[in-house]
Structures are given as structure tokens and as C-alpha cells.
Amino acid sequence: MPRWLYYFLAMAIVAPAIDLLWGSQQAALAIFVCATLALLPLAALIGRATEDLEPHVGPIAGGLLNATFGNAPELIIGIFALNAGLIKVVQASITGSIISNSLLVLGSSLALGGWHWGRQYFNARDAGQYSAMLLLAVAGLLIPSTGALVIQDRGRLQAVSVAISCVLLVVYVLYLLAHVFRIHSERRNPKRLGKNTPPVPVEKDDDEFEALIDQIDPHEEAKQKMPKLWFTLALLLLATLGTAWNSELLVSTIIPVTKVLGWSPIFVGLVIIPIVGNAAEHSSALYIALRDRVDLSMAIAAGSSIQVASLVAPLLVILSMFFPHHMDLVFQPLELVVLGVAVLLFSIVSLDGQSSWLAGVQLMAIYVMACIVFFFIPGPG
């Protein structure tokens, strides 16, 4: 976890304190800002704790835990928003998270890494698999929305959404098992591991090359002291509880804050919540891209998008059946258009196995244009 995130941990206590002293209605804006800042380090701590559990439970179970808790903040925020009846905000946070990962996270990683290293290379076959899974997952969001044009009955649309959610969950479990077992197989056969190299040899100074190899040593983390199990479990529990508490405060202040600022609640779901939930992945992707491992940056961006589309969204649809307000997979046309463009650009960028800083700038430009439109969505009143 980046050091600068630790400074925001104090906000995890400040936000509840303000709520207890003044109440969420009187100090809504202050609580909203503090809870948002608190979720940044809390999300990173959840990711760190699940990674630290891997040496204790094994690579397969550790990979499953890491994939399960990877988007825990979005899921927790979504549950509280469902309880508050903010269905449109939940749907917006789903599409916003996919758009943010595919355009902002990947785009900034390609731009920063390409500016530092020049042209970067990655495994086109792996990137193609990410694209195929992402297209499949996003299709699960597009098809019900298209079906709403001919199916007008809300009950039937809800049944369609639940059925498609079950299909997405099954596919995601199969994808996850294949991915985790593949990683386990590669770790047992380290000769299969290696950095993708460009087709034309690049001359490097020997000392610089050796330093670069040391930086990308796949066993570097294994050499570090393994944290104790009780500490890792306690960290995971405290980070999850802190995330739940601050997520509840964040959701409770969305409507008052949007009325004060004139924002649309959908803008909060499309932009603010995804940036908060993806802060840990974003910082990791940028750091890895600076180490010339753009293939891992792409895996982070794609993996988080796939998880949101095929795990978080279906789970929220099914969980909404236990709340007064039910959620379906019928999204707004604007969200679907930007979502389709994001997935299409991700697929195009990953075609030839190489990238440059300009490709990253283009992805970020699409994200900025989308955010401009999202910002001007009419707010309450």
C-alpha cells in the first residue's frame, strides 16, 4: 500500500465522530468528504490483508480470497445503497467502476509507463482472454437492457436479471478457477514464468539490466518476512468493519450532499464511488507500469472490471431480492454507450501486444469526455 494512503486512515475515525456529534444531516458534506477519504486506505488494507493470507492458506485458496475481496468496497457500498433504495446509484457505480478501470486505470498506466519506457510489450494472448471475458461479462449487462425494449413487465425483467446473474456467477467461478489453477501451475514450474520481451533486442547497460531483473523478481515478496496469521486476520476484520461503517455514512449523505452541490446522485455513482473503490488498484497499476510490467497493469484493470461485471453486479441483483427495493440489470442508455466504448477500446489496445503513451492518453481522453457528460446530468430539483 502506498505510504500516502496511510495519512487518510485518520478519516476513518473522524467521519463517525462527526456523525455522532452533529448528525449526518447537519454535517453531511463534511461526513461525505471524510468517509470518502477514509475508504481509500481501507480498500487498500483489505487488499493487503488478503494477499498476506496467501502464504498461510496456500496459493489456490489465497487466489480465491484475493479475487473475492478485490472489490469488497464496491460490494459493501452497494449493499448499503440498496438498503437506502438508491438503485440508480448502485447501477451507476457498477458501470462507473468498469469504465474507470478500463479507461482511467489502464489509460494512466499506459501513459505513465509509455512515457518512461517508450513502447511497452505484453502477452497478446492473455490480453485477448481478458477482452473475451470482459465482453462476455458486459454482455450480461447489455442484454437485459436491450430486452427491456420488448419486455415491459417489471416482474419479468426482474426474473430475467436474476437468471442472467446466475449465469454470470457460474461463468465467473469457472473463469476464476481456471485463472487460479493456472497461476498455481506456473508457480510450481517457474521456468514458464518470464517477462515478455520485444521482438527486436534492446541494448541495456549490464548494471541497469541486472537492477531491472531484481525489481521484477517474482519471488521477491516471498523473501520478505511473512506476517503472522492473527495479525493478518485482525487487519482484515478491522479494515472490513471500517469500510462497512464509513460506507454506511457515505451512502447516508449522498442525497443531502447532491442537493447542496447540485450534483446528480448518478454522477456520484458513476465517478466518485468508482474512484474511491479503485484507488488501491489504480496506485498498484501505476507503480507496476513504472517498473515496465504493463502486462500486470492490464491484468489489474481487466481483472477488476471482470469482477465487477460478473461477480459484484450479479450478487447485488440477487441480494436486492431481500430488500424492499429490487435491482435489475436494466441500465441507462448513456451508461451503456460509454460502457460499450470502454470495452471496445480495451479490446483494440490489447490486439497487437504492444502499447505506447499515446494509447493511454486516448483512453483517458474518452474517460474525461464521459465524466464531463456525467457531471452535467441534472441533479435533484
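Visitor: Which residues does S304 touch, not counting residues up to four places away in sequence?
Guide: Contact means heavy atoms within 4.5 Å. By that rule, S304 touches N71, N101, N278 and E281. A word on the source: this is a predicted model, where local features need pLDDT of at least 70, side-chain atom pairs count only at pLDDT 80 or more, and totals for chains, interfaces and linings use all residues. Residues are numbered from 1 along each chain as its sequence is written, and side-chain values use heavy atoms, with hydrogens and water left out.

Visitor: Is S304 buried or exposed?
Guide: Buried means under 20% relative accessible area, exposed over 50%, and partly exposed in between, with a 1.4 Å probe and protein chains only. S304 counts as buried because its relative accessibility is 5%. Of the 381 residues of the protein, 49% count as buried.

Visitor: Where does S304 lie?
Guide: Helices (H or I, at least four residues) and strands (E, at least two) are DSSP runs, numbered from the N terminus. S304 lies in helix 15, residues 294-319. The protein has 17 helices and two strands.

Visitor: And how does Q362 count, buried or partly exposed?
Guide: Q362 has 47% relative accessibility, so Q362 counts as partly exposed. Its place is helix 17, residues 357-375. Q362 and L110 are 252 residues apart in sequence, yet 10.0 Å apart in space, C-alpha to C-alpha.

Visitor: At what angle do the axes of helix 6 and helix 14 cross?
Guide: Axes are lines fitted to C-alpha atoms, for helices over the stretch in contact, and angles run from 0 to 180 degrees between N-to-C directions. The axes of helix 6 (residues 87-117) and helix 14 (residues 279-290) cross at roughly 20° and come within 8 Å.

Visitor: Which residues of helix 6 and helix 14 make the contact?
Guide: Helix 6 brings residues including L104, L112 and W117, and helix 14 brings residues including E281, A285 and L290.

Visitor: How many residues does the largest nonpolar core have?
Guide: A nonpolar core is a set of buried Ala, Val, Leu, Ile, Met, Phe, Trp, Tyr and Cys residues joined through side-chain atoms within 4.5 Å. The largest has 86 residues, and I94, L141, M327 and F374 have the most contacts inside it. Apart from it lies another core, of eight residues, among them I46 and L235.
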